[in-house]
Amino acid sequence: MSGYISQNISLYDPKIILDFVKKNKITPKQAMHSIDSMQKALKVSYIGYNIKKDLTGKSGDEIFNECKANLVTRLKKNAEGLSSFEFYDHVMQCLSGFKDSHFGIKKALSPSYISSGVAEVMMADNKFYILTNRPGLISKLEELQKLPTGSLQEKLKVGTEIVLINGQSPQIEVERLKKYISASSDLAREYGAISNLFSRDFAYPEKSDLSLTLKLADRSTVDVTLPWVQINLSLIPSTLESRALLSDRGILKILELLPDKKLIYREGPDL
């Protein structure tokens with residue numbers, strides 16, 4: 001399998017994540033110990049730990065004190081501990097306090113990416129437009145939903161305005177994701193949140209699908225429901241693999257539907 005991507009792409013089911021959450025817990029003691037260890041390591045290795053006070057108004061100690069206080073609050077509601085997904089999300093929110101776009105964490109195991117027929121969006125004049133889509137996945141969705149060939153692709157084409165996400169302004173979802181993004185400016189934080197609207201490996205959605213209200217070229221609006229798909233990366237860790245998988249507009253063309261209703265991606269480009 002060397003040099004190639006080979007993994008399953010299945011319809012995203014939040015119940016699977018919830019079941020995992022219930023069965024796999026990091027104890028309160030382990031969670032706090034991990035945060036303490038991270039703080040000690042950053043104190044001696046991260047040059048911005050103390051000077052951030054002058055740049056952002058909070059020192060490294062203040063950021064971690066807030067992080068620990070929030071963790072205690074979460075653990076009071078979850079006496080058995082947090083799942084690895086929940087703990088990862090918490091750590092991302094803690095580290096975003098450093099407001100450094102060059103600063104982040106690497107996961108020992110890469111969790112599944114969730115994505116959809118929309119790949120990337122851009123914001124211009126406070127409006128959101130489809131920047132790239134996933135034609136191979138959209139074609140498969142047309143087949144699954146028994147839609148006329150090209151009909152969904154036409155609605156999700158580049159340049160289409162996204163008016164609402166799940167009945168709300170896209171900006172509301174951007175604000176929700178911003179707390180996970182470490183960036184040195186508000187603009188960079190917002191850009192990071194926008195880039196993760198439809199493809200990410202954190203802040204998993206609670207529903208298996210999302211609804212979009214789109215404004216078409218003729219200025220009419222249409223509602224579209226898209227399933228989230230779960231992409232299980234088999235080469236871990238996989239910065240190159242995940243970038244190729246999630247950024248290349250043509251990479252999802254090689255999809256087959258198996259009898260168990262899974263979407264399988266057979267083989268990717270040689271990296």
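Reader: Which strand does threonine 213 lie in?
Author: Threonine 213 lies in strand E6, residues 209–215. Helices (H or I, at least four residues) and strands (E, at least two) are DSSP runs, numbered from the N terminus. This is a predicted model, where local features need pLDDT of at least 70, side-chain atom pairs count only at pLDDT 80 or more, and totals for chains, interfaces and linings use all residues. Residues are numbered from 1 along each chain as its sequence is written, and side-chain values use heavy atoms, with hydrogens and water left out.

Reader: Is threonine 213 buried or exposed?
Author: Threonine 213 has a relative accessible area of 15%, so it is buried. Buried means under 20% relative accessible area, exposed over 50%, and partly exposed in between, with a 1.4 Å probe and protein chains only.

Reader: What does the side chain of threonine 213 make a polar contact with?
Author: With the side chain of aspartate 223, at 2.7 Å. A polar contact is a pair of N or O atoms within 3.5 Å; within protein, one must be able to donate a hydrogen and the other to accept it, and residues adjacent in sequence count only if both atoms are side-chain atoms.

Reader: New topic. Which residues are buried in helix H3?
Author: In H3, residues 48–56, the buried ones are Gly48, Tyr49 and Lys52. Down the axis of H3 they fall within an arc of 75 degrees, so they line one face of the helix. The arc is that of the directions from the helix axis to the C-beta atoms.

Reader: And what is on the face turned away?
Author: That face of H3 carries the exposed residues Asn50 and Asp54.

Reader: What do the buried residues of H3 pack against?
Author: Helix H2 (28–45) and helix H4 (60–77). Contact here means heavy atoms within 4.5 Å.

Reader: Which residues of H2 meet H5?
Author: Ala31, Ser34, Ile35, Met38 and Leu42 in H2 meet Phe87, Val91 and Leu95 in H5.

Reader: Last one. How many residues does the largest nonpolar core have?
Author: The largest nonpolar core has 36 residues, and Ile162, Phe198, Leu212 and Leu226 have the most contacts inside it. Apart from it lies another core, of 16 residues, including Ala31 and Cys67. A nonpolar core is a set of buried Ala, Val, Leu, Ile, Met, Phe, Trp, Tyr and Cys residues joined through side-chain atoms within 4.5 Å.
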